Amino acid sequence: MKKFEPKIIGFLCNWCAYAGADLAGVSRFQYPPNVRIIRVMCTGRVDPAFIIEAFKEGADGVLVAGCHTPADCHYIAGNFKAERRVLLLRKVLKQFGIEPERLRLEWISAAEGDKFARVVTEMVDDLKKLGPNPLKT
Amino acid sequence: MGAEKEKLKFAFYWASSCGGCEVAVLDINEKILDVLEIADIVFWPVAMDVKYKDVEAMADKSIDVCFFNGGVRNSEQEHVAKLLRKKSKFLVAFGACAQLGGIPGLANVSNREEIFKRVYDEMPSTKNPEVVRPKTRTEVKEGELTLPEFYDTLKTLDQTVEVDYYLPGCPPPVKLIANAVEAIATGKLPPKGAILAPNRAVCDECPRTREEKKISEIKRIYELTPNTEECLLEQGIICMGPATRAGCEAQCIDANMPCTGCGGPPPNALEQGAAMMSALSSVLGLNEEKNSDYDAQKMINQIKDPLGTFYKYSLAHSIFRRKVMNK
Ligand code: SF4
Ligand code: FES
């Protein structure tokens, strides 16, 4: 059997986390290639339906990453809303029989390329332990 | 007779639902006479003795409009849905259960085995020492008896056959039914696939006063008697108004009860549950979020049973459709 390589969809805000991922790249930090990044203007733009859709389409994990709270979000408080949406959706995912650990939220600034690399590495490890998205099996 | 305009042919069917939709048809009161003015009812199991084989004998597309209420929970309902689709020019998903799965669709957190176990073994009111379960085939000395097959997953009508129009609501409001009948009678039907209800959310029809929505504490409806002036959500009660399509004229809110979402997702929402998660997360904790002791998890933990609350009528219609099947 082929070794399980988790697929992760990453929703990254334009101003912080995406820039952080960019920095990880230009700094040549090593991290596993399992994440497919979707750039959004703000984590506040991430409709829970996007995350649900990602799982439905077979993602093993979803990462939502944006600017640090309390004050870094470029739209003032989109990150706070995203945080509550993610926490609420995690409860709902559990009720649907999907491990809430598959959905992760992180604050990553434009200067934290190393943090981005670490988060993705950790997530891939965690998902390998957790196994494939139960909707796929 | 000959000079009279030929009457339309209507059919009504009741699948997996409570029967309230049938009552809603009668609730149009004297307008039922207008219906009979323009249409003959050729099939209506709750009121008329017409057999499935009679429907099978009808020519294809010979029924003008079929109003189908209820979701598809077993093989009999699936068979009749397919049959009525074939025999009808227009198929209308009538009510929340046909459109969204409705309350019976909530059983999609479970499966056949769990449901049977609960109903036939565990219910305190059930005495069933031999653990008899319904079987699709049973041999008796007179021959073979059959029952419809009960499915693991309840499907909406449009997950089963093609649907032309939707009449939302649990049950659909009289006004929407009357409008639909009028549109059919005058041939002024909107494009196929339309939802025959206003293109806005319940909040847009709600007369309550709204300030900037900010809530700190979630309360359940039995914990207080809300005042009748202010928005219920602002009073801390989960009201599905922002994530529900209008058409009901905010009847429940008028009775001082929160909207529970029977109208289904509002226009442009991918699904109702996600729409409500978004809306509620936007207002809960707005006052507290910049405080040093703000705890987002604690805020969210106030929400009990989010799946049952946000998907009360629309679980079968949600993106996931059901809980992951236990193997
Ligand atoms: S949330 Fe409920 S009470 Fe408030 S405006 Fe909307 S429908 Fe009315
Ligand atoms: S702009 Fe980065 S989270 Fe809002």
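**Loops of chain B**

Modeller: P171(B) is placed in the loop between β9 and α8 of chain B, where helices (H or I, at least four residues) and strands (E, at least two) are DSSP runs numbered from the N terminus. The model is predicted, so local features need pLDDT of at least 70 and side-chain atom pairs count only at pLDDT 80 or more, whereas totals for chains, interfaces and linings use all residues. Residues are numbered from 1 along each chain as its sequence is written, chains are lettered from A and ligands numbered from 1 in the order in which they are written, and side-chain values use heavy atoms, with hydrogens and water left out.

The peptide bond leading from C170(B) into P171(B) is cis, with omega near -5°. As background, most peptide bonds are trans, and most residues other than glycine have a negative phi.

Positive phi values also occur in chain B. V131(B), a residue other than glycine, has a phi near 50° and sits in the loop between α7 and β6 of chain B. With a relative accessible area of 43%, V131(B) is partly exposed; in these terms buried means under 20% relative accessible area, exposed over 50%, and partly exposed in between (1.4 Å probe, protein chains only). A250(B), likewise not a glycine, has a positive phi of about 55° and belongs to the loop between α9 and α10 (251–254) of chain B. At 2% relative accessibility, A250(B) counts as buried.

The loop that holds V131(B) also takes part in a salt bridge, that is, a side-chain nitrogen of Lys or Arg within 4 Å of a carboxyl oxygen of Asp or Glu. The partners are E113(B) and R133(B), whose closest N and O atoms are 3.4 Å apart. Since E113(B) lies in helix α7 (residues 112–122) of chain B and R133(B) in the loop between α7 and β6 (137–140), the pair ties together parts that are 20 residues apart in sequence. E113(B) counts as partly exposed at 45% relative accessibility, and R133(B), with a relative accessible area of 23%, is partly exposed too.

A further salt bridge joins K192(B) to E162(B), with the closest N and O atoms 2.5 Å apart. This pair links distant parts of the chain, 30 residues apart: K192(B) is in the loop between α8 and α9 (202–205) of chain B, and E162(B) is in the loop between β8 (150–155) and β9 (165–167). K192(B) is partly exposed, with a relative accessible area of 49%, whereas E162(B), at 52% relative accessibility, counts as exposed. Over all chains, the structure holds 27 salt bridges.

Just after α1(B), N29(B) takes a positive phi of about 50°.
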